[in-house]
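Okay, thanks everyone, I'll keep this short. Let me put the model up and then walk through a few spots in it.

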Amino acid sequence: MSEVIENKRPVSWRTAITKNEDGDIHIRGYNLEDMISSLSFPAAIFLVLKGELPSDAEEKMMNAIFVSCIDAGIAPPSVGAARKVFSGGNSFNSSVAAGIMSFGDYHGGAIEQSAKFLLELLEGKDTSNIPQLAEETVRTYLAEKKRFLGLGHKIHTVDPRTTRLINVAEKAGFGGKHLTFMLEVAKQYKIQKPEKNLPLNVDGAIAAIICDMGFDWKLGKAFFIIARTPGLCAHIHEEWSREKPFRRLEHNQHIYDGVDDRKLDK
Ligand SMILES: CC(C)(COP(=O)(O)OP(=O)(O)OC[C@H]1O[C@@H](n2cnc3c(N)ncnc32)[C@H](O)[C@@H]1OP(=O)(O)O)[C@@H](O)C(=O)NCCC(=O)NCCS
């Protein structure tokens, strides 16, 4: 449905983020020129996403979140996707897009669904006994054989990024009910399923922290996209600068395990 403004022009696109009129750009009401000389990038990201300037604690927390996910080496799916798309002869931007497109429930994207789950579960709940709530939740997850997003890691048994992030969050005052619950859930997995060895991972920690910071869960993936894009850019630049095009799996990196050769009798 379009609205009609004063000059009777029908308006179907609207935004409360940025006003760009008469040569001035105002983001959430603040002049972009003033922001250039006085706001850090994490503070500007907080402003654009949340609508207000961050407190010092919020700015520190945003910074820590972004730094924690900037890169994790060449092995994760997104870096493989980005470098392979570039290697096939595509543009820098298609390669970044390919990397971002690989973020999903198991890599980076877990923040979104994990934050949604935490907010919905704890909304309006009596949180005076979080350990019991965590105990029941883990019991249900195990009975239903569901993966708890935000736990587990391919290589780490303790995710080092998580430990430091939680440290920053607690110091900055963002160790609220969501983070407390998440830590209790990780504890419960250790008690109820010790053989699985599932650490709280960086996605799970970020999900809980952004809930405690009052962010909408729908922004969950945005946090990982914003944080990891510089890393993806560095990998694509490295691929471009150091490697020849058309990189493929070497013979010792793959096997064929299908049917034996057979004759086509036609
Ligand atoms: C990250 C992840 C893909 C790593 O997986 P992995 O260490 O290779 O583990 P596998 O997929 O081989 O699973 C091993 C076992 O642990 C279980 N498991 C792994 N992660 C689990 C989780 N988050 N919750 C419950 N069980 C889990 C699997 O069901 C499997 O059980 P089974 O042996 O009875 O079949 C996995 O832990 C996961 O899916 N985590 C949830 C998504 C997430 O938080 N992603 C962000 C990663 S930073």
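So, let's start with Glu184, which is buried, with a relative accessible area of 14%. We call that buried because the cut-off is under 20%. And just so we're clear, this is a predicted model.

Where does Glu184 sit? It's in helix α9. And what does Glu184 touch, if you leave aside its neighbours within four places in sequence? The contacts are Ile130, Pro131 and Ala134.

Okay, staying with α9, let's talk packing. Two packed helices get described by the angle between their axes and the distance between those axes. Here, α9, residues 177-192, packs with α10, residues 202-212, at an angle of about 155°, and the axes are 7 Å apart. So α9 runs roughly antiparallel to α10, since anything over 145 degrees counts that way. On the α9 side, the contact comes from Lys177, His178, Leu179 and Met182, and α10 brings Gly204, Ala208, Ile209, Cys211 and Asp212. Sorted by class, that's five nonpolar, two polar and two charged residues.

Helix α10 also turns up in my last topic, the lining of the largest pocket. That pocket has a volume of about 1,000 Å³. There are 35 residues lining it, and the closest to its centre are Tyr106, Gly152, His153, Lys154 and Asn201. Which elements give two or more residues to the lining? Those are α7, at 130-143, then α10, and α11, at 220-242.

How values were computed
Residues numbered from 1 in each chain as written. Predicted model: local features only at pLDDT ≥ 70, side-chain atom pairs only at ≥ 80, totals over all residues. Heavy atoms only, no water. Axes fitted to C-alpha atoms, helices over the stretch in contact; angles between N-to-C directions. Helix = DSSP H or I, 4+ residues; strand = E, 2+ residues; numbered from the N terminus. Parallel < 35°, antiparallel > 145°, perpendicular 65-115°, else oblique. Contact = heavy atoms within 4.5 Å. Nonpolar A, V, L, I, M, F, W, Y, C, P; charged D, E, K, R; others polar. 1 Å grid on protein atoms, 1.4 Å probe; cavity = no way out; pocket = protein on both sides within 12 Å on 5 of 7 lines; lining within 4 Å. Points joined across faces, edges and corners; volume = space filled by probe spheres on them. Buried < 20%, exposed > 50% of the residue type's maximum accessible area, 1.4 Å probe, protein only.
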